[in-house]
Amino acid sequence: MRTFTLLVCLASFGLAQQLDLKFLDHLAGKTDEVVTLTLGEDLLKLGAGLIVADKDPDSRKVKDAIGGLRQILVRSYKFKQDGEYSPADVDKIYAQLKGPGWSQVLEAREKKGRTTIHMRTSQNAAGGMVIVSAEPRELTVVAITGSIDMEKLGQLGGNFGIPEVKDAKKPAAKQEEEDLL
Amino acid sequence: MDFEQELKRALGRQQPPAGFAQRVMARVERRRPSPASYRIGPRWAQWAVAASLIVASATGTSWYRQRQERARAEEARQQILLAMRVTAEKIGHVQQTIKRISLEEN
Amino acid sequence: MAQTVDLPAERWRADFPALIERHQAMVFGIAVHFLRNRTQAEDIAQDVFLELYKNAGRIESDSHAVHWLRKVTARKCIDHIRWRRLRPWHGLDEIAEPAAPGGQKDLLLSRGLQRMVASLPGRMRMAVVLRFQEDLAPAEIAAVMDTTTASAKSMVHRGLELLREKMQRAGVGG
């Protein structure tokens, strides 16, 4: 069983449309756990209004983090067994991320999975980010269109289980304390 | 000391405070629609009900629109949070893996 | 919608109070060990059973209900700390564990262990609670927590290592 996760945060104008993910649609028939979300700018503003109304500091951070985004697309497929998607599916996505402006900035490779983060820059600012993660029983695609503020995204650390970026040489006890969600 | 045995003992199942099942069932009952009452009262009461319905229908449209909008916003909010959670988990996974590899190399 | 096999939804709902009685210690136990706060643990346990009631038509058997309850409890607990950013030791004063048989020393040891478990990172903490409260194997923990067996195994292993380190730092034999 393979898990495949793709998270895409795209540059500020229409990259979600340029990224063709329709070939993944056939996977929906192979799983009973599918998440499909498409949030345009209007819905993002609408939802952000409620999020900030929460008056919860964490919610405010989320609101700040999504402030510059124009579209979020999520596709998530969870499979009951291996091999429900083919390596070719993954390759097709990677092929689209090799165009001008895209660069892979991080990769975490494990025995059965691989996660990569790609950035697309536009002039001075970071225009978008792509994360592709492959694991045994899950396929998830998230595409975010808009200008992403990595600092604000980093401030979500802890809110959604994101461990904050830490100094690897900190004492173990301090590290454990910070790992607490 | 058998550490794992001690852990099993410390983490045994625990009964909730007395009356837990009743409190859950009370919440279940509150969620059930109550049987409709068909008892028809005196005429003045019927007029009162009719008047109330007219007032309700006059204000209902606006209320309904607000409610629809609110529901739409709530749905958007949930979707945003779900999307951000997926995003955050994947980034967290990368960070953790990189951190672990970095620690192993050191 | 999934078909009920052994327990049609209506009969299942009629048996619901008995089902709560059967499984409340499991659900509440997971929540209270994870959150170290009895009030919040009861709130979550109630929510879990309410959700089960709503999903009665999808439950196929009592063992399916047990798996479902563990899974939803784990998810709600982890969501709870993610959103509220609870520090587990905040609720210590609220906890009044039942006295363990074996005397004051055992009771103190148990409480110390519970406190240490509650200081583990969220998902690792849940894996440890499921391993030692529910006696689940790594594959079962993985199924409950929607992760891989290797990851579940690693979380339990690392959790035990951390707990042993904490025990040693606290000067308790391990």
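How many salt bridges does the rule find across the interface of chain C and chain B? The rule finds 4.

This is a predicted model, in which local features need pLDDT of at least 70, side-chain atom pairs count only at pLDDT 80 or more, and totals for chains, interfaces and linings use all residues. Residues are numbered from 1 along each chain as its sequence is written, chains are lettered from A and ligands numbered from 1 in the order written, and side-chain values use heavy atoms, without hydrogens and water.

**View 1. A salt bridge joins Arg13(B) and Glu134(C).** Their closest N and O atoms are 2.6 Å apart. A salt bridge needs a side-chain nitrogen of Lys or Arg within 4 Å of a carboxyl oxygen of Asp or Glu.

**View 2. Chain C meets chain B.** Here 46 residues of chain C are in contact (heavy atoms within 4.5 Å) with 27 residues of chain B. The two chains bury about 3600 Å² between them, 62% of it on carbon and sulfur atoms. Gln46(C), Leu50(C) and Phe132(C) lose the most area on the chain C side, together 17% of what that side buries. Buried area is the accessible area (1.4 Å probe) lost when two parts are put together, summed over both.

**View 3. Phe49(C) sits in the largest nonpolar core.** That core has 64 residues. Its members are buried (under 20% relative accessible area, 1.4 Å probe, protein chains only) Ala, Val, Leu, Ile, Met, Phe, Trp, Tyr and Cys residues, joined through side-chain atoms within 4.5 Å. Leaving aside neighbours within four places in sequence, Phe49(C) contacts residues including Phe20(B), Val24(B) and Phe16(C).

How values were computed. Buried means under 20% relative accessible area, exposed over 50%, partly exposed in between (1.4 Å probe, protein chains only).
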